[in-house]
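Here is a short briefing to read alongside the model. Have a look at the fold and the ligand site, then work through the points below.

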Amino acid sequence: EHCKGVNGLDKVILREIRGCSAEVYLDGGQVTSWKNEFREQLLFLSSKATFKPPNAIRGGIQICFPQFGTIDSLEQHGFARNRLWSVDPDPPPFPANTSHRAFVDLILRHSEEEVKIWPHRYECRLRIALGPGGDLMLTSRIRNTNTDGKSFTFTFAYHTYFSVTDISEVRVEGLETLDYLDNLKNRERFTEQGDALTFESEVDKVYLSTPTKIAILDHDRKRTFVLRKDGLPDAVVWNPWDKKAKAMTDFGDDEYKHMLCVTAACVEKPIILKPGEEWKGRLEISAVPSSYCSGQ
Ligand code: BG6
């Protein structure tokens, strides 16, 4: 279903029979809403989000390409989240044997303007699908369409803002004992000690070579988000906490208490694509009652 969202921007709504839904803005190719069958919002979207392209929308799932962070001279987290994507009117079918799903396929290609900033031609496809149980699946395919024989190098991330009841009661499992780069300490490398991660101050860490499954336990809501990822070895954990929250104009002062970014990413080892080659990355997120999840 295509309709107009905030400020008249184009969006697509996906619905599943039991009542789960997702909303995707063509600006940024960005998921801004994901609800379960009880119509509860599972993603964080700031009440101060501006919906003014080309600024990225604060919250949801931002596509970071061709870079995550600011390693290059490009804008932070790349330009894909600032561009207008289009809907593929004739998407390739789902593989045989998969049940019917609500989905939309988006495409972003280089613009002649952009080639001046990042001198490459590419096709970036993004399939956003709601699974039968309300799981949200994002699949990206990036192809090098350069005609001058040049390879290109990029990093990528699904910058995902989860909605949590109270950040001080949240635990993240699956990242303990891993190495990480600490963005708050000049990207120095450390090793995580101890059990599940908990939060009591600003955090901005890139965990390296993580397992494919990560869990976010929201104690108060007795809900666990489970992330499963492919082609995305790293995971970025970010919460701005009070001071940084105040400094961001499109983020409420207290909103840091109700969000956590756990971002499936490929940051440490950039991907190199030769002309004609394609890279594929995938993220699947589900929200399950905690009791169901424990001990898995
Ligand atoms: C995080 C980064 O994931 O995104 C942080 O690790 C950054 O360093 C944050 O501050 C938000 O970035 P932006 O560009 O959306 O304000």
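A residue counts as buried if 20 or more other C-beta atoms lie within 10 Å of its own, as exposed if 12 or fewer do, and as partly exposed in between, with C-beta atoms placed from the backbone. By that rule, 38% of the 296 residues of the protein chain are buried. This is a predicted model, in which local features need pLDDT of at least 70 and side-chain atom pairs count only at pLDDT 80 or more, while totals for chains, interfaces and linings use all residues. Residues are numbered from 1 along each chain as its sequence is written.

**Overall fold**
- The protein chain has 3 helices and 19 strands, taken as DSSP runs (H or I, at least four residues; E, at least two) numbered from the N terminus.
- The C-alpha trace of the protein chain spans about 50 × 45 × 40 Å along its principal axes.

**Nonpolar core**
- A nonpolar core is a set of buried Ala, Val, Leu, Ile, Met, Phe, Trp, Tyr and Cys residues joined through C-beta atoms within 7 Å.
- The largest one has 75 residues, and Phe162, Val262 and Ala265 have the most contacts inside it.
- β18 gives the most to this core, with 8 residues.
- Leaving aside residues up to four places away in sequence, Ala265 touches Phe68, Phe156, Ala157, Leu232, Asp234, Ala235 and Val236 (contact: C-beta atoms, placed from the backbone, within 7 Å).

**Ligand site**
- The residues around the ligand are Ala56, Gln76, His77, His159, Asn183, Asp204, Val236, Trp238, Cys261 and Thr263 (near: C-beta atom, placed from the backbone, within 6 Å).
- β17 (234-239) and β18 (259-273) each supply at least two residues of this shell.

How values were computed. Two residues are in contact if their C-beta atoms, placed from the backbone, lie within 7 Å.
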